[in-house]
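My entries follow in the order in which I made them.

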Amino acid sequence: MVEPQAVPVFERVYAVVCQIPVGRVTTYGQVAHIVGNCDARTVGYALAGLREGTDVPWQRVVNSQGKISLIGSDQRHRLEAEGIVFDARGRIDLSRYGWSGPEQAWLEANGFDPLWFWNR
DNA sequence: CTTCTGACGAAAT
DNA sequence: CATTTCGCCAGAA
């Protein structure tokens with residue numbers, strides 16, 4: 001059992017992002033929601049600090065409108081390679097590809113607060 | 001110590 | 001649809 005507050009926020013963000021399944025996406029706000037005690041900006045800051053070649057699937061995090069924030073990156077191609085389809089406006093259908101969060105058992109085992117998450 | 005700066009979000013205007 | 005406001009991490013200057 002990991003102590004939640006003992007792990008830096010950025011590390012907690014990475015832990016959650018690594019749980020997003022292939023072919024699914026989630027939003028900055030949702031990750032912040034799961035991590036707790038931080039906001040969407042913090043998630044962006046955390047991902048911005050990743051190095052090239054990281055194992056963290058950062059491409060699976062998009063903004064609340066289902067759009068890519070990193071224009072000019074290969075994020076869209078990475079997602080399309082996972083089977084995700086973009087509409088004519090360049091948006092992803094979150095009701096179809098959206099991921100709501102880890103299993104409660106995972107949250108408990110990794111020092112997150114399941115109750116806080118589900119009650120919100 | 002203070003200020004600035006980035007992959008953001010939701011509600012109000 | 002466009003803007004503004006607030007929320008509040010971490011490192012550099």
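**Entry 1: Q59**

I placed Q59 in the loop between α3 and β2 (61-62); helices (H or I, at least four residues) and strands (E, at least two) are DSSP runs, numbered from the N terminus. I noted that this is a predicted model, in which local features need pLDDT of at least 70 and side-chain atom pairs count only at pLDDT 80 or more, while totals for chains, interfaces and linings use all residues. Residues are numbered from 1 along each chain as its sequence is written, chains are lettered from A and ligands numbered from 1 in the order in which they are written, and side-chain values use heavy atoms, with hydrogens and water left out.

Is Q59 buried or exposed? Q59 counts as buried, because its relative accessibility is 7% (buried means under 20% relative accessible area, exposed over 50%, partly exposed in between, with a 1.4 Å probe and protein chains only). Its side chain is joined to that of E82 by a polar contact of 3.2 Å. I take a polar contact as a pair of N or O atoms within 3.5 Å; within protein, one must be able to donate a hydrogen and the other to accept it, and residues adjacent in sequence count only if both atoms are side-chain atoms. Leaving out residues up to four places away in sequence, I found Q59 touching Q75, R78, L79 and E82 (contact means heavy atoms within 4.5 Å).

**Entry 2: DNA strand B**

- A polar backbone atom of L47 is 2.8 Å from a base nitrogen of DNA strand B.
- For a polar backbone atom of G44, the distance to a base nitrogen of DNA strand B is 3.4 Å.
- A backbone N or O atom of S64 lies 2.4 Å from a phosphate oxygen of DNA strand B.

The elements giving two or more residues to this surface are α2 and α3, and α3 gives the most, with six. Sugar or phosphate holds 40% of the atoms of DNA strand B within 4 Å of the protein, and bases hold the rest.

**Entry 3: DNA strand C and T42**

Around DNA strand C I found V9, F10, D39, R41, T42 and Y45. An N or O atom in the side chain of R41 is 2.8 Å from a base oxygen of DNA strand C. A polar side-chain atom of D39 lies 3.3 Å from a sugar or linking oxygen of DNA strand C.

The side chain of D39 also makes a polar contact with the side chain of T42, at 2.9 Å. T42 sits in helix α3 and is buried, because its relative accessible area is 16%. Beyond its neighbours within four places in sequence, T42 is in contact with V9 and F10.

**Entry 4: N37**

I found N37 in the loop between α2 (28-35) and α3. Its phi is near 55 degrees, a positive value in a residue other than glycine. N37 is exposed, because its relative accessible area is 67%.

Technical notes:
Near = heavy atom within 4 Å.
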